[in-house]
Amino acid sequence: GLAQVNKINADGWYGSHYGSYKHVNAENLKEMERHSEFTDIGRMGILGMADAPKDIQLVFVDPAVQEMKNMEEILIEGGYPKSGNEIAAQAGLFKALGMENPKVGEEIEISYRTDMNSTFKTGTFTISGIIKQPEAGYDIKSFMGYVSEEYYESVIPEENRSYRAFFRLDESVGLTVKNSEEIMGSLAAECGIDERFVSVNNLYLKWKLNPGIDVIMSCVMIA
């Protein structure tokens with residue numbers, strides 16, 4: 001039935017991470033890794049904002065986040081950055097920066113700053129991948145460009161690095177839709193993370209953890 005279809009497709013629509021924590025530092029990550037409740041942990045780090053007519057955020061995401069967010073599915077050509085000054089993004093991002101017909105392997109200069117208090121600096125990037133974007137006619141207000149972890153770490157000092165940590169949890173924690181925020185908040189506190197920075201992937205968990213109307217109706221019929 002429809003419920004079963006939704007359950008099967010949930011990870012494609014919403015990503016397969018259970019939740020995420022914002023403003024996570026290296027020590028917090030070590031604590032998360034020590035906790036067996038976390039089965040998968042991925043990191044996203046923000047490099048900065050580009051100087052452009054549209055909102056453009058430059059970030060790095062590790063392979064774990066790429067898998068949890070199903071990012072391979074939205075690649076048209078090439079791949080995500082693995083090293084150096086590589087960048088992957090929608091064609092619209094490159095067009096907003098003045099490159100009308102972006103191609104993998106081409107270079108583009110991007111002026112960006114790491115925060116509102118810093119000055120703009122210019123980096124030369126090599127396009128490693130082109131990502132799908134909505135069909136023509138849809139006005140995209142903001143874009144995200146993906147850089148390599150190597151580039152991120154070359155710009156952001158170790159003491160200033162802050163991540164968004166995406167994760168999945170072991171079945172042993174007894175997670176349900178109702179208790180997910182409480183459990184994730186408790187684990188955050190144990191790892192030194194402010195509980196205000198917990199984000200639950202509710203749309204995914206609704207289908208991941210609930211049996212679905214088909215199963216419920218079958219049980220009613222049997223009873």
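Is phenylalanine 167 buried or exposed? Phenylalanine 167 is buried, with a relative accessible area of 0%. My cut-offs: buried is under 20% relative accessible area, exposed is over 50%, and partly exposed is in between, with a 1.4 Å probe and protein chains only.

**Ground rules.** This is a predicted model, so I note that local features need pLDDT of at least 70, side-chain atom pairs count only at pLDDT 80 or more, and totals for chains, interfaces and linings use all residues. I number residues from 1 along each chain as its sequence is written, and side-chain values use heavy atoms, with hydrogens and water left out.

**Overview.** I get eight helices and 10 strands for the chain. Those are DSSP runs numbered from the N terminus: helices are H or I with at least four residues, strands are E with at least two. Of the 223 residues, 42% count as buried. I also looked at contacts, meaning heavy atoms within 4.5 Å. Among those between residues at least 6 apart in sequence, 71% join residues at least 24 apart.

**Rings.** I find 10 aromatic pairs in the structure. Why do I call the pair of tyrosine 21 and phenylalanine 167 tilted? The ring centres are 4.6 Å apart and the planes stand at 45 degrees, so the pair is tilted. The rule takes rings of Phe, Tyr and Trp (its six-membered ring) with centres within 6.5 Å; planes under 30 degrees apart are stacked, over 60 edge-to-face, and the rest tilted. The pair links distant parts of the chain, with tyrosine 21 in strand 1 (residues 19–24) and phenylalanine 167 in strand 9 (residues 163–169), 146 residues apart. Tyrosine 21 is buried too, at a relative accessible area of 0%. Ring pairs join Tyr21, Phe38 and Phe167 into a cluster.

**Strand 9.** Six of the seven residues of strand 9 are buried. I checked its pairing next; two strands pair if DSSP finds at least two bridges between them. Strand 1 pairs with strand 9 in the antiparallel sense over four bridges, and valine 24 has tyrosine 163 as its bridge partner in strand 9. Strand 2 (residues 38–50) is also antiparallel to strand 9, over seven bridges. There, the bridge partner of aspartate 40 is arginine 168.

Two side-chain details turned up here. Arginine 43 lies over the face of tyrosine 163, at 5.3 Å from the ring centre; the test wants NZ of Lys or CZ of Arg within 6 Å of the ring centre and within 35 degrees of the ring normal. The side chain of arginine 168 makes a polar contact with the side chain of serine 16 at 2.6 Å. A polar contact is a pair of N or O atoms within 3.5 Å; within protein, one must be able to donate a hydrogen and the other to accept it, and residues adjacent in sequence count only if both atoms are side-chain atoms. Serine 16 is in the loop between helix 1 (2–14) and strand 1, and serine 16 is buried at 6%.

**Core.** Which residues touch the most other members of the largest nonpolar core? Of its 46 residues, they are Tyr21, Met32, Leu47, Phe94, Leu169 and Met184. Apart from it lies another core, of 12 residues, among them Val59, Tyr80, Ile131 and Phe166. A core here is a set of buried Ala, Val, Leu, Ile, Met, Phe, Trp, Tyr and Cys residues joined through side-chain atoms within 4.5 Å. Leaving out residues up to four places away in sequence, tyrosine 21 touches, among others, Met32, Phe38, Phe167 and Met184.

**Helix 6.** In helix 6 (residues 180–190), the buried residues include Ile183, Met184 and Leu187. Their cover includes strand 1, strand 2, strand 9, strand 10 and helix 7 (202–209). Just after helix 6, glycine 192 takes a positive phi of about 80 degrees. Glycine 192 is one of the contacts of asparagine 28, along with His23, Cys191 and Ile193, leaving aside neighbours within four places in sequence. Asparagine 28 is in helix 2 (residues 26–34) and is buried at 8%.

**Positive phi.** Histidine 23, in strand 1, has phi near 55 degrees, a positive value in a residue other than glycine. Most residues other than glycine have a negative phi.
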